[in-house]
Amino acid sequence: MKHGLNTGKEPIGWSVGCTMHGLGYRGVHHLQPSPLIRVLSVFHPWLKAVFALLLCVSTARAADVSYQREVWPIFKRHCLGCHTEGKAKGGLRLDDIAALKKGGKHGALFVAGKPDKSLLMQQVTGDPPEMPENEPPLTAEKVKILRDWIAQGAKIDAAPKVERPPVVIPATYAFAPSVTSVSLSPDGKLAAVAVRSEVVLFNVDDDAPPRRLATDFDLITHVEFSPDGKRLGAAGGSPQQFGGVIFFDPADGKRQSSRRVGNDTLFKGSFSPDGQTIALGGSGGAIHLIPVDAKAEVKAIDLHSDWVMAVAYTPDGKQLVSGSRDKTTKVSSVESLKLLRSIDQSPDIINAVATDGTNAISAGNARALNGFDFKLALAGVEVTGSGNGARPANNRDQYLRAYETQPEAVMALAMSGDRKLLAVTTRAAEVRVYQTDNRQRKVAIAKAPAPVQAVALNQDGTRLLLGSKTGEVQVYDTATAAAKLLKTLVPVPVAPARAAAR
Amino acid sequence: MNPILNHRNAMNTESNKHLQPASCPSVFIASLWLNSPSSRMKTFLAVTCAFLAALRLSAAPAPDPIAGDLTVTPSSLTLVHTERPHSLVVMARTKGGYDVDFTGSATFRSSNEKVARVTPAGWVQPVANGSATLTVQASGKTAKVSVTVQLPAEPTPASFRQDVMPVLSKGGCNMGACHGYSLGKNGFKLTLRGADADKDYPALTDEFMERRINRHNPAASLVLLKALGDLPHEGGVRFDHGGLLHETMRRWIAEGARDDAPTLPTLVSVTIYPEKVVAMPRARQQFQLVAKYSDGSLRDVSRTGIFTVNTERVARVDEVGLVVATDLGETAIVARYEGIFAVANFIVLPPNKGFQPTPVPTDNLVDRHIITKLNDLRIRPSDLADDERFLRRASVDLIGVQPKPEEVLAFVADTSTDKREKAIAAFMKRNEFVDWWSLKWGDLLQNSRNTLSDPAVYAFREWIRAAVARNLPMDEFARELLTARGSFADHPAAAYFAVSKDTDDTLQRSTQVFAGVRMLCAKCHPHPFEQWTQADYYGVHSFFNQVATKPDPRQTGVQNAKTVLVNLATGSSTNPRTNKPQPPRYLGGSEPKLEAGVDKREDYARWLTSPDNPHFARSLVNRVWSYFFHRGIMDPVDDLRSTSPPINAPLLDALTKDFVEHKFDLRHLMQVIVSSRAYQRSSVPNDTNGHDDANFSHAIPRRLPAEAMLDSLVQATGVKENFGGAPAGFNAAQLPDGNVQSDFLTLFGKPQRMEACECERDLGANMLQALHFINGKSILDRVTSASGRPALLIQQKLDDDKLIEQLYLWSLARKPAAKEVALAKKFMAAYGDKRAEAAQDFMWGLLNSRDFTLLH
């Protein structure tokens, strides 16, 4: 019970009032009268009883507000769109207790015990309220919950529970899972294919049962054997949650190490020629250089303005070619971690890149398959814009080495180990292999299961492995122009179930 | 627990709440009473309780019992899909003629729960094949519904187009502000409002290695996690966990996120029930939306339809089609489902406290339909305006300037019973009538030196004036205009086409002016408010695509000199959505077979002006109506659509029919309108019509248009205005276009003629106008001028009464009332012998009053 001036805003009278009610009003003289009670005492006793009961009834039901059960759902539903880790408008995050207590750009969000001095209450009330921005205002009940919570001291009774469904890998699939990435071991004996959340390893030359390696990623985007064949990298993540890479030992399927990077999946990339680093595209426009050594730090090259869809090391390991959803192809330096040149602007998204050291190659939805002569493209400098638009001094026409236009959007590119052959897959059924020196077509596979999303070549380009959205994986002998289908399989068990009733 | 049925279960309808006894205060007082020791307190409490109870009783409305039986819709039902229950709407009508909705409070029982179950909210869920009878009880009455369940042997899988696309619309995913935006949001793009399922399917299921859905772990699908708000989503929480939208999409993903077979039945129509409701204040009404497919099947889509209310003052509607009446009046309830609209009419009437309907006149078709509607709404019209106010209103509306004092006095003194009719006919014979209506057409046709040469503007103006002067029938007017070609020397009306930038411009301008529709939106996607598609847009485009303008070789060096050419060889325009040619198609109609090598505009103009064309006469009649009232019968007048229905359809239909029967005679139409009692009503409301701003029960005051205000000001003060950019001696109504220097006219909203929209003319009021009147030169210089009216009147050495009367007559076109004379005399007396100054100040005051700036 408080002494001093009753501002009328705090429920100070209730304890006194209820006591009065309980005792009738005979007991009032034993209590320290607040000014309110002193004023009331001049009135008739029955009037005091009415007032007291009114106060009692109106305030007694304010039971303690639970942050976890009542306040957090309000934040989650109305505020987290803009005030969360990925996007913290006004510097304010509400999805983390420490950040909540710290506040944002305009200071602390609330003053414990003082709702009227609290920024939160000021923002959600008013005519019209500032927050939630561009949304209907909070209902009076929700505003009251927040007000009561602050008034009661803004206590956090428990951390909010955020439920994210776990990764589920069916033993048997109801629908053949789409193949997102494939890789051949350097000796050409082992094939690795990625289907949704697992990697499947199988022998190219025999029919031994495939081995399945589970990951904790919702989606694997890239799988690749290291140049020495001793490691298998699987990259991907869970969309809008985290990205990561896991290194497996292909011999026994055991995990060697894993790293998490960023808050969205990683995209395609490549091992460095020395096999110590894997470079992968990130959703924030950066290339992430992730060392195999779990203790070494991850480096990033901030490059593009949208997702980096694919990255390739040059054979000398000194430069990276990257293609992005921002429709550009860029070359950057491994040592300086900086952009060297933006060498191409395509009309559409770039899906895949490759390089043989002489040319950088990129292709995407615009159907063009383009090579760019490194020497000419990187000669001279012409910085435009804010610096991120460093353009080659040479005219694009001078360093462009275009291949023939592809029939559909290009999905994947793969270099043979010796960099002499380039495999190209599109949404169409035809898969082609080109010679990188003269850009002539060498091999054509007329009818692969379309759309072919992933392709890999062995060291000398005599074996081609492809994976399709249909779930099929095929191995071809591509030694001659007329490729021979050696193997076709769906790498995981599939038993079409009845349509799920619920 | 079936989430599908939870939606309406959660609605705690309170349709009978007003019949419940007062709750909290009585209980509170009762508890006090029991606890109080003093008998005096007991007495006080007893009195308080009785008082409160009495209050409650007196607030309850007089009982209006149900007449007849309950109507349950549908009365019989066949269910063929486990995931598609059907709702029941339970209604009855009271003796007083109100519709009452019992859906929220009725009880429902199934005779065989193994065949069909029904929820407390009236949703019927199929369980197994067979028949059952549902018993519905409300308000002591019973009704029965027969249900047949015919489920296929295999459960029907979820369909992308029939199930998921509506979810994307209902969840707001494909709104223009979100993923329906032309560039998408955050890399995810859907077609606007579900325009193209063929494009939306790969966006959801294919892009970026299928990251948005996971068929093998549906709950982990990105698209679900974001819509649920379980992952940060700037668009907010769109699905509730376990709710209908969430479950529909999750199930579809779990079943493999399959595309539809090409044989999937397509959506054909959507109907809303009930189509018309007459409700009590504070009533609640549940609406039901039923879709029909090309295989004849019916489906209740109330929970995925999108409901809106046109007049928010009258009612509001929630997510599942429950409407609550909030005020007296009328509104359309508009439901949208997969690009098809359905509209219901919702009227909220006051309680019938002995309303006496007005006898329906038969002598004027306008009054006949207006009074019929007013009687339905329990509104009595106000009295007719007095002679002076009628004359001023008709004068400004017909000839663009208020009457002079001698006209006013003569009219008031005239004792003939048909003097108002005669005045209307006389106005139509005046030169000013031609000025005023030529000005109007000049605005609509955008005659302007911005786009046309000087000689072309004046030639076009003369052509319009000649048409108005001889009362050229409107169908001929439109046909001549729409088929003109050449330069102004060949045909002045060819200027109409010379104004356009390109065919799109011509199409949009001409459909807005001659059909009253806004086609612009349909250029790129299905129209958001009406059933126009790009096929309709490019169908009209193909009528006008032969026209091109080029500089006139006979007028080299003349700015903007153009000639209009018609290339008869031009084929059909291409619809960019299909990349195929779109043959000429009548707006909302069929595609005629036209010979090659003809001017396609002729066929279009013939179709447009034929007597049964649904657009031309109707939109023109509605537009002309709006020039004499504060709004059209449909509003806005150049954005006509089924989602904005007419406030009085029989009136519009009758006027249109009459207009066509009189061979599109514009003067006849005006005469019918202006001679009606509806037009001549006073603006003073009575006790029944104060809330009515839509049914013409009383005149709503409106501001004088810019030119009328200026010309009236000039006439009242006798001081002319000089307009830069126009021939000397022209008054405001005679100006050739908007390219004149006049701050006054700009301030009061004279259109620049850059748009075909009626809205280009601003008839609103704002602070700048008020300040200009108070401080600006327009009035001040005029009243203080040595040749101004006050000076002229002072020279006549009139006595106080005559002077005051003349000042009122000149300024406000009426005589002052006795109180006003007394006030004015006191005002004059205060100036002593500075009589001239007093007269100036007084006239200044009159011209600044609302009596001058408004028609009322």
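Visitor: When does a charge count as sitting over a ring, and at what distance from the ring centre does B:Lys185 lie over the face of B:Tyr181?
Guide: A charge sits over a ring if NZ of Lys or CZ of Arg is within 6 Å of the ring centre and within 35 degrees of the ring normal. In this predicted model, B:Lys185 lies over the face of B:Tyr181. Its distance from the ring centre is 4.5 Å.

Visitor: Which residue lies over the face of B:Phe411?
Guide: The ring of B:Phe411 has a lysine over its face. The distance from the ring centre is 4.8 Å, and the residue is B:Lys419.

Visitor: Is the aromatic pair of B:Tyr586 and B:Trp607 stacked or edge-to-face?
Guide: Over all chains, the count of aromatic pairs comes to 44. For B:Tyr586 and B:Trp607, the centres are 4.9 Å apart and the angle between the planes is 10°. Planes under 30 degrees apart count as stacked, so the pair of B:Tyr586 and B:Trp607 is stacked.

Visitor: How many residues apart in sequence are the parts that B:Tyr586 and B:Trp607 tie together?
Guide: B:Tyr586 lies in the loop between strand E24 (580-582) and helix H19 (600-608) of chain B, whereas B:Trp607 belongs to helix H19 itself. B:Tyr586 is buried, with a relative accessible area of 8%, and B:Trp607 is buried as well, at 13%. The pair therefore ties together parts whose separation in sequence is 21 residues.

Visitor: What is the angle between the planes of B:Phe629 and B:Phe696?
Guide: Both B:Phe629 and B:Phe696 are buried. Their rings form an edge-to-face pair with a centre-to-centre distance of 5.0 Å. The angle between the planes is 65°.

Visitor: Are the residues on the two faces of strand E8 of chain A buried or exposed?
Guide: In a regular strand the side chains alternate between the two faces of the sheet. One side of E8(A) carries A:Phe242, A:Gly244, A:Ile246 and A:Phe248, and the other carries A:Gly243, A:Val245 and A:Phe247. On both faces these residues are buried.

Visitor: Which residue in the turn between E7(A) and E8(A) has a positive phi?
Guide: E7 (residues 232-238) and E8(A) pair in the antiparallel sense over 7 bridges, with A:Ala234 opposite A:Ile246. The two strands form a hairpin with 3 residues between them. The turn residue with a positive phi, about 60°, is A:Gln240.

Visitor: Which residue in E9(A) stands opposite A:Gly244?
Guide: E8(A) also pairs with strand E9 (residues 255-261) in the antiparallel sense, over 6 bridges. In that hairpin, A:Gly253 takes a positive phi near 80°. Opposite A:Gly244 stands A:Arg260.

Methods:
Residues are numbered from 1 along each chain as its sequence is written. Chains are lettered from A and ligands numbered from 1 in the order in which they are written. This is a predicted model: local features need pLDDT of at least 70, side-chain atom pairs count only at pLDDT 80 or more; totals for chains, interfaces and linings use all residues. Side-chain values use heavy atoms; hydrogens and water are left out. Buried means under 20% relative accessible area, exposed over 50%, partly exposed in between (1.4 Å probe, protein chains only). Helices (H or I, at least four residues) and strands (E, at least two) are DSSP runs, numbered from the N terminus. Two strands pair if DSSP finds at least two bridges between them. Rings of Phe, Tyr and Trp (its six-membered ring) pair if their centres lie within 6.5 Å; planes under 30 degrees apart count as stacked, over 60 as edge-to-face and the rest as tilted.
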